[in-house]
Amino acid sequence: MAQSADAMSLQMVSAVSNSSLLQPGCSLLNFDGHVFFFGQKGWPKRSCPTGVFFLDIKQNELKMKPVFFSKDSCYLPPLRYPAICTFRGNEESDKHQYIIHGGKTPNNDLSDKIYIMSLVSKTSKKTTFQCVEKDLGGDVPEARYGHTINVVHSRGKSMSVIFGGRSYIPLAQRTTEKWNSVVDCLPSVFLVDFEFGCCTSYILPELQDGLSFHVSVARNDTIYILGGHSLQNNTRSPSLYKLKVDLPLGSPALTCSVLPGGISVSSAIVTQTSDTEFVLVGGYQSDSQKRLVCNTIVLEDDKIEIVERASPDWTPDIKHCRMWFGCDMGKGSVLLGIPGANKQLISDANYFYILRCKGAEEDEEEELTAQICSQASTEDQGDSTPFEDSEEFCFSAEASSFDVDDIDTYNEDDEEDESETGYWITCCASCNIDINTWVPFYSTELNKPAMILCSHGAGHWVHAQCMDLSESMLLHLSEENIKYFCNEHVDLNKGLQTPKKAMHLKKQPMKPLRKKKTMNLTTPVKKSFLRRLFE
């Protein structure tokens with residue numbers, strides 16, 4: 001395989017433990033060189049009702065500013081592991097929007113919704129986005145995560161294509177032991193008109209397996225899909241698929257072909273360095289081996305070329321670590337992270353690197369907003385534990401303190417300590433939720449217990465299972481905008497409320513009809529009575 005001569009630089013970045021609100025599965029959005037993230041810990045709190053933050057690092061100082069939504073925006077859950085992609089109204093426009101589909105909610109419920117986010121205005125003090133939820137109709141793809149979404153352009157029309165991902169096993173197949181097991185989604189291709197929210201599914205004979213954490217790159221009317229992991233047979237596909245979408249006036253036409261030169265990899269990171277060039281880095285080539293080789297992907301004239309390129313000088317720590325993780329920073333740069341030596345449930349001992357795929361001159365022309373993103377596992381990874389496909393991402397950044405002079409700056413004090421508000425708290429005297437013994441209780445849970453906010457006082461989180469909430473009641477409370485009070489405070493709350501006095505209407509009792517009585521003059525009566533009678 002030919003090798004690209006473009007140099008790649010690797011720079012280590014220090015990180016500090018100031019990212020308490022950042023959770024695995026967060027996503028990065030890049031608008032005009034400014035980077036934002038959403039998918040924070042838990043549901044958005046008073047520090048940032050939108051759950052979207054602007055990240056900025058300059059001179060080793062991090063500024064974290066909450067972002068506002070316009071009045072006509074919808075609510076955006078802090079989704080983790082969604083599929084995201086950019087969309088431009090026309091190919092020549094510099095302005096773009098982000099399409100967001102699927103992902104996990106904090107209670108590990110999967111979403112099938114589609115959102116479109118666009119930048120309304122940005123100043124040094126305030127950033128405003130518009131977030132619109134599109135109603136989906138037709139063959140709506142099932143809720144999923146770990147999939148991809150791309151935009152194709154054909155005959156002056158644009159549509160989005162959704163493929164792959166993982167979901168929960170169907171209800172009919174669930175057992176006590178496999179209640180919340182995940183499976184790869186069916187290998188269906190969904191074509192979505194994101195303007196009207198109309199979905200159409202296609203089954204292509206060339207696509208035999210549902211793939212998760214694959215890589216997809218798109219140009220014009222063509223999408224290339226490579227790599228990915230299959231849970232059914234625990235393999236990483238070596239195939240390279242070319243998916244071509246034709247959008248005539250009538251029904252769309254999809255064709256798929258299998259090309260040579262694929263790459264067997266999962267959880268790889270892809271960053272775009274030019275209009276036609278991408279760089280593939282990271283990922284795993286087997287359950288016990290990282291993929292340290294990098295590739296350049298060139299899309300031109302309805303064809304694809306994948307060539308191996310000179311890899312950076314990987315440090316010994318990267319070479320010998322059991323797992324690694326990362327994310328695309330945009331502008332041809334990638335953030336890589338490796339875990340520290342200590343094994344804790346929540347560890348800040350991670351080492352981070354910035355991998356720049358462009359030359360030094362291009363880096364000087366395009367100054368990057370440095371950030372750090374990582375995938376952090378909350379489980380103790382044993383020496384024999386295989387690598388995990390990138391299901392968990394979190395973000396951290398180098399900073400000595402938050403900027404408290406700016407009125408819009410995020411205040412870390414607004415977030416309670418993780419030991420008190422995390423999933424593994426002791427929420428009541430009878431709480432038996434233990435990280436070592438806990439098993440899923442509700443169908444919406446996967447690896448974290450479902451929680452619900454008690455509205456007493458300043459509010460606090462409790463486990464839904466400890467509150468003896470049925471699943472239907474938990475879903476009802478989650479969907480309705482009503483206050484909830486835990487078992488400890490429900491009686492107190494009732495005592496504090498003064499019931500309104502109800503006005504009771506007095507009703508005259510109905511008297512039974514009686515026959516008129518005639519006075520018997522022979523009956524002796526009192527004189528006073530006779531006097532009143534004849535007066």
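Buried means under 20% relative accessible area, exposed means over 50%, and partly exposed lies in between (1.4 Å probe, protein chains only). This model is predicted: local features need pLDDT of at least 70, side-chain atom pairs count only at pLDDT 80 or more, and totals for chains, interfaces and linings use all residues. Residues are numbered from 1 along each chain as its sequence is written, and side-chain values use heavy atoms, with hydrogens and water left out.

## Salt bridges

Side chains of opposite charge can pair when their charged atoms come close. A salt bridge here is a side-chain nitrogen of Lys or Arg within 4 Å of a carboxyl oxygen of Asp or Glu. The whole structure holds nine salt bridges. The table lists some of them.

| Lysine | Aspartate | Closest N to O |
|---|---|---|
| Lysine 95 | Aspartate 32 | 3.7 Å |
| Lysine 244 | Aspartate 221 | 3.1 Å |

Take the pair of lysine 95 and aspartate 32, joined by a salt bridge. Lysine 95 sits in the loop between β8 (83-87) and β9 (97-101), and aspartate 32 in the loop between β3 (22-31) and β4 (34-40), so the pair ties together parts 63 residues apart in sequence. Helices (H or I, at least four residues) and strands (E, at least two) are DSSP runs, numbered from the N terminus. Lysine 95 is exposed, at 60% relative accessibility. Aspartate 32 is partly exposed, at 46%.

Next come lysine 244 and aspartate 221, with N and O atoms 3.1 Å apart at the closest. This pair links distant parts of the chain, 23 residues apart: lysine 244 is in strand β22 (residues 240-246), and aspartate 221 is in the loop between β18 (215-219) and β19 (222-226). Lysine 244 is partly exposed, at 29%. Aspartate 221 is buried, at 18%.

Lysine 242 lies in strand β22 and aspartate 302 in the loop between β28 (294-300) and β29 (303-309), so parts 60 residues apart in sequence are tied together. Lysine 242 is buried, at 15% relative accessibility. Aspartate 302 is partly exposed, with 41%. Shared partners join Asp221, Lys242, Lys244 and Asp302 into one network of salt bridges.

## Lysine 157

Lysine 157 lies in strand β14 (residues 157-168). It is partly exposed, with a relative accessible area of 31%. Its C-alpha atom is 9.8 Å from that of aspartate 221, which is 64 residues away along the chain. Contact means heavy atoms within 4.5 Å. Leaving aside neighbours within four places in sequence, lysine 157 is in contact with Val152, Leu247 and Pro248. The side chain of lysine 157 also reaches the backbone oxygen of proline 248 at 3.3 Å.

## Annotated cysteines and histidines

An unreviewed UniProt entry carries the annotation "binding site" for Cys427, Cys431, Cys454, His460, His463, Cys466, Cys486 and His489. Such annotations may be inferred rather than shown by experiment.

A disulfide is a pair of cysteine sulfur atoms within 2.5 Å. By this rule there are zero disulfides. Cysteine 466 is buried, at 10%.

Histidine 463 is found in strand β36 (residues 460-463). Histidine 463 is buried, with a relative accessible area of 0%. Beyond four places in sequence, its contacts include Cys427, Cys431 and Met451.

Histidine 489 is placed in the loop between α4 (471-479) and α5 (490-496). It is buried too, at 12%. Not counting residues up to four places away, histidine 489 touches Cys454, His456 and His460.

## Nonpolar cores

In soluble globular proteins, nonpolar side chains tend to be buried together. A nonpolar core is a set of buried Ala, Val, Leu, Ile, Met, Phe, Trp, Tyr and Cys residues joined through side-chain atoms within 4.5 Å. The largest core has 23 residues, and those with the most contacts inside it are Cys427, Met467, Leu469 and Tyr484. The elements giving two or more residues to this core are β35 (451-454), β36 and α4. The largest share, three residues, comes from β35. A second, separate core of 19 residues includes Ile269, Ile318, Met323 and Val334.

Key:
Polar contact = N/O pair within 3.5 Å; in protein donor to acceptor, adjacent residues only side chain to side chain.
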